[in-house]
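Q: Please take one part of this model and go through it closely. Then connect it to what else can be said about the chains.

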Amino acid sequence: MGDKLQEEVKILSNQKVGKSYFLLRLASRKISAFASPGQFVQIKVAADNEILLRRPFGIHRVNKNTFDCLYSLVGAGTRHLCRKQPGSRLDVIGPLGNGFNYALTAKRCTLILVAGGMGVAPLVFLAEKLMEGKTPSAKRKVVVLIGAKTKSQILCEREFKKFGCSVKVATDDGSRGFKGKVTDLLNNLLRETRNPKPETRIYACGPRPMLKVISRLSIRYNIPAEISLEEHLACGIGACFGCAVRTRDGFKRVCKEGPVFPAEEIVWNQGG
Amino acid sequence: MEPKISISLGRLKLKNPVMIASGTFGYAREFSDFFDLKKLGAIVTKTITLRARQGNLPPRTCETPAGMLNSVGLENPGIDAFIREKLPLLAKTGVPIIVSIASEAGWQEFVELARRLDKIKAVAALELNISCPNISRRSIVDSPQATKLLISQDSKATYDLVKTVRKATRKTLITKLSPNVTDIAEIAVAAEAAGSDAVSLINTLTGMSIDAQSRRSKVAAGIAGLSGPAVRPIAVRMVWEAYQKIKIPIIGMGGIIDDLSALEFLIAGATAVSVGTANFVYPRVTIEIIEGVRKYLRRNRIKDIKYLSGSLNL
Ligand SMILES: Cc1cc2nc3c(=O)[nH]c(=O)nc-3n(C[C@H](O)[C@H](O)[C@H](O)COP(=O)(O)OP(=O)(O)OC[C@H]3O[C@@H](n4cnc5c(N)ncnc54)[C@H](O)[C@@H]3O)c2cc1C
Ligand SMILES: Cc1cc2nc3c(=O)[nH]c(=O)nc-3n(C[C@H](O)[C@H](O)[C@H](O)COP(=O)(O)O)c2cc1C
Ligand code: FES
């Protein structure tokens with residue numbers, strides 16, 4: 001079958017887009033053609049092997065023959081990455097993992113996207129696909145809830161609006177939008193959603209505690225949710241069994257069976 | 001002339017000396033997206049136990065300088081499900097499949113696993129994992145003579161176990177040794193004396209990494225196994241030490257990441273090499289190593305890889 005998942009791709013741009021956020025644009029016909037929202041790539045950020053492992057990043061946007069990753073500066077690996085210059089090359093594996101299930105059949109539906117912090121990254125791609133699939137006759141509403149610590153950490157609001165999504169923002173310090181957790185915002189929204197509801201679904205990406213609350217809300221309101229989990233990935237390709245997450249069906253690999261899982265599958269206690 | 005790179009481990013012939021180290025290759029099919037699996041010398045499976053094991057709680061891995069720690073904890077479906085579901089797919093690769101086995105409770109499990117696998121044609125050889133740092137230690141050693149914690153940390157326990165399993169199978173038997181010992185050669189000698197056809201070394205070194213903010217171990221299990229380029233000098237040294245004391249083939253591993261690092265092991269005395277952690281980063285690395293070794297032999301006019309093994313200039 002050959003080397004279809006690994007390639008040396010050219011960096012088209014790698015720009016600072018916020019205090020410690022960067023937007024990386026890479027040229028790849030394969031990845032742009034085959035990626036679906038929620039999937040990720042594994043990037044070798046340092047050519048030497050002092051920083052040995054690849055770093056996973058969600059696929060943020062896809063264009064003809066290019067794709068973007070949106071990343072925040074976290075530690076040594078992302079520091080290496082943010083110094084890479086356009087024109088140079090990166091060793092990338094992808095697209096990897098199982099993404100969101102966004103093939104919808106219902107004509108009327110409300111789709112709620114919940115992003116916590118960097119969790120916006122893959123949801124932009126998802127929102128674009130969801131709006132793309134919208135026919136004039138279909139009543140499809142996409143609501144995006146973005147949560148961040150403070151105003152300056154709210155990302156991608158404009159992109160979501162451009163696609164035609166309605167956007168609500170929550171900040172911990174109240175510097176923008178609702179003061180509090182994005183999950184409180186979600187709870188309010190679900191409470192208001194009138195019965196009988198059109199088909200409603202939740203898609204979420206963000207820190208683990210947020211996803212845990214969303215799973216509970218999903219059960220309480222009986223609304224299906226798909227959540228994208230993060231674990232430390234040693235390989236990202238299903239080889240090491242290091243990224244295990246506890247599910248009702250035993251341990252599963254975040255990088256292979258995930259990163260997106262139906263919320264009700266996850267067993268949250270016991271560190272699993 | 002093309003140099004000869006085929007090698008033998010006991011009665012098992014491999015078309016080239018590059019193998020996959022246990023626990024680092026998923027169920028193999030994950031890698032068919034990257035290269036033609038047929039090209040490999042051999043695949044050693046994830047260690048299999050009698051009963052299914054869930055493995056350890058997450059987080060199970062963390063990166064360290066030029067390496068990583070893991071405490072996967074021998075997650076595996078158990079021997080029955082392995083034979084039923086995994087082995088047929090592995091066998092389809094056409095590559096010799098070496099099944100790694102371990103016991104959770106006593107030697108009898110090793111014997112039973114060996115007996116079960118002895119009857120199966122698709123199994124090319126057995127590797128005794130008596131050196132996994134990620135399994136409850138007390139439970140594996142039930143010999144009254146065993147004073148240390150892992151079987152492979154005690155030459156007498158190693159001898160007794162290998163001898164016992166040897167009686168249960170006619171397959172090629174490989175013993176995988178732990179580097180967490182004072183004298184690796186002593187353990188290798190014990191494995192050889194008990195009838196092991198080859199030894200694999202090294203398994204992971206025990207290590208620890210701590211997050212200063214939370215004052216917690218970065219891996220849930222606390223102590224975990226260190227692998228990757230960081231361990232290579234230790235591994236090469238151990239191969240060299242064992243090579244001077246034993247005649248059976250050595251499968252060298254620990255931090256191999258390219259052809260030059262694989263050559264280090266061969267020159268130190270290994271007959272074959274295994275690649276573990278590097279598969280995670282460079283999924284095609286084994287294929288590149290096979291090519292690189294071949295080129296090296298050609299360039300240096302070495303007709304047969306056996307002349308390279310142990311050819312260290314002193
Ligand atoms: C499936 C998936 C998709 C992701 N998508 C994005 C994205 O789109 N944008 C983005 O900014 N970040 C994303 N992350 C998180 C990103 O991988 C980490 O921020 C990054 O690896 C940090 O590397 P570092 O060397 O700078 O940090 P360090 O903290 O120095 O890294 C040390 C080790 O921990 C790992 N690590 C640290 N933080 C995380 C984390 N949150 N998740 C997983 N591993 C981590 C690193 O990979 C590395 O192995 C994603 C993670 C996963 C698992
Ligand atoms: C994630 C992971 C899982 C492993 N699982 C096993 C295992 O199940 N059985 C075993 O004998 N060795 C296991 N090992 C050890 C490797 O087979 C190898 O001996 C060790 O990692 C050194 O080689 P390397 O530096 O090339 O990885 C594992 C190593 C890693 C990194
Ligand atoms: S990161 Fe290795 S199996 Fe998922």
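A: **The site of ligand 1**

An oxygen atom of ligand 1 has a backbone N or O atom of A:P56 at 2.6 Å. The model is predicted, and this distance is computed from its atoms. A polar backbone atom of A:G75 lies 2.8 Å from an oxygen atom of ligand 1. A side chain takes part too: an N or O atom in the side chain of A:R55 is 2.8 Å from an oxygen atom of the ligand. On its own, ligand 1 exposes 830 Å², and the protein buries 83% of that area. Three elements of chain A give two or more residues each to the shell around ligand 1: β4 (55-58), β6 (66-72) and α2 (76-82). The largest share comes from β4(A), with four residues.

The shell holds 20 residues, and those that come nearest to ligand 1 are A:P56, A:G75, A:G77, A:T78 and A:E230. Sorted by type, the shell has 10 nonpolar, six polar and four charged residues. As for its position, ligand 1 lies between chains A and B.

The site of ligand 2 is shared between chains, because residues from both A and B surround the ligand. Backbone N or O atoms of chain B reach oxygen atoms of ligand 2: that of B:G255 is at 2.6 Å, that of B:I202 at 2.8 Å and that of B:G228 at 2.9 Å. Taken alone, ligand 2 exposes 610 Å², of which the protein buries 98%.

Over all chains, the whole structure has 30 salt bridges. One of them joins A:E132 and A:K129, at 3.6 Å from N to O. These two residues are three apart in helix α3 (residues 120-132) of chain A, so about one helical turn separates them. A:E132 counts as exposed, because its relative accessibility is 54%, while A:K129, at 25%, counts as partly exposed.

In chain B, a salt bridge links B:D160 to B:K156, with the closest N and O atoms 2.8 Å apart. Here the two residues are four apart in helix α4 (residues 155-168), which again puts about one helical turn between B:D160 and B:K156. B:D160 is buried, with a relative accessible area of 18%, whereas B:K156 is partly exposed at 41%. Salt bridges can also share partners, as in the one network that joins B:E2, B:E291, B:R294 and B:R298.

Another salt bridge in chain B is made by B:R51 and B:E109, whose closest N and O atoms are 3.0 Å apart. This pair links distant parts of the chain, since its members are 58 residues apart: B:R51 is in the loop between β4 (42-44) and β5 (61-64), and B:E109 is in helix α2 (residues 107-118). B:E109 counts as buried, because its relative accessibility is 5% and the cut-off for buried is under 20%.

The backbone has some features of its own. Most residues other than glycine have a negative phi, and most peptide bonds are trans. In chain A, the peptide bond from A:G94 to A:P95 is cis, with omega near -5°. A:P95 is placed in strand β7 (residues 89-96) of chain A. The bond from A:G258 to A:P259 is cis as well, with omega near 10°, and A:P259 sits in the loop between β15 (250-253) and β16 (260-262) of chain A.

A:N222 is not a glycine, yet its phi is about 55°. A:N222 lies in the loop between α6 (208-220) and β13 (225-228) of chain A, and is exposed, with a relative accessible area of 65%. B:R215 also has a positive phi, near 55°. B:R215 is found in the loop between β12 and β13 (216-217) of chain B, and counts as exposed at 76% relative accessibility.

B:M208, B:I210 and B:I223 make a nonpolar surface patch of about 310 Å².

Key
Residues are numbered from 1 along each chain as its sequence is written. Chains are lettered from A and ligands numbered from 1 in the order in which they are written. This is a predicted model: local features need pLDDT of at least 70, side-chain atom pairs count only at pLDDT 80 or more; totals for chains, interfaces and linings use all residues. Side-chain values use heavy atoms; hydrogens and water are left out. Patches are made of residues with over 30% relative accessible area and no salt bridge: like charges are joined within 9 Å, nonpolar side chains (Val, Leu, Ile, Met, Phe, Trp, Tyr) within 5 Å. Accessible areas come from the Shrake-Rupley method with a 1.4 Å probe; for residues, only the protein chains shown count as cover. A salt bridge is a side-chain nitrogen of Lys or Arg within 4 Å of a carboxyl oxygen of Asp or Glu. Buried means under 20% relative accessible area, exposed over 50%, partly exposed in between (1.4 Å probe, protein chains only). A residue is near a molecule or strand if one of its heavy atoms lies within 4 Å of it. A polar contact is a pair of N or O atoms within 3.5 Å; within protein, one must be able to donate a hydrogen and the other to accept it, and residues adjacent in sequence count only if both atoms are side-chain atoms. Ala, Val, Leu, Ile, Met, Phe, Trp, Tyr, Cys and Pro count as nonpolar, Asp, Glu, Lys and Arg as charged, and the others, Gly among them, as polar.
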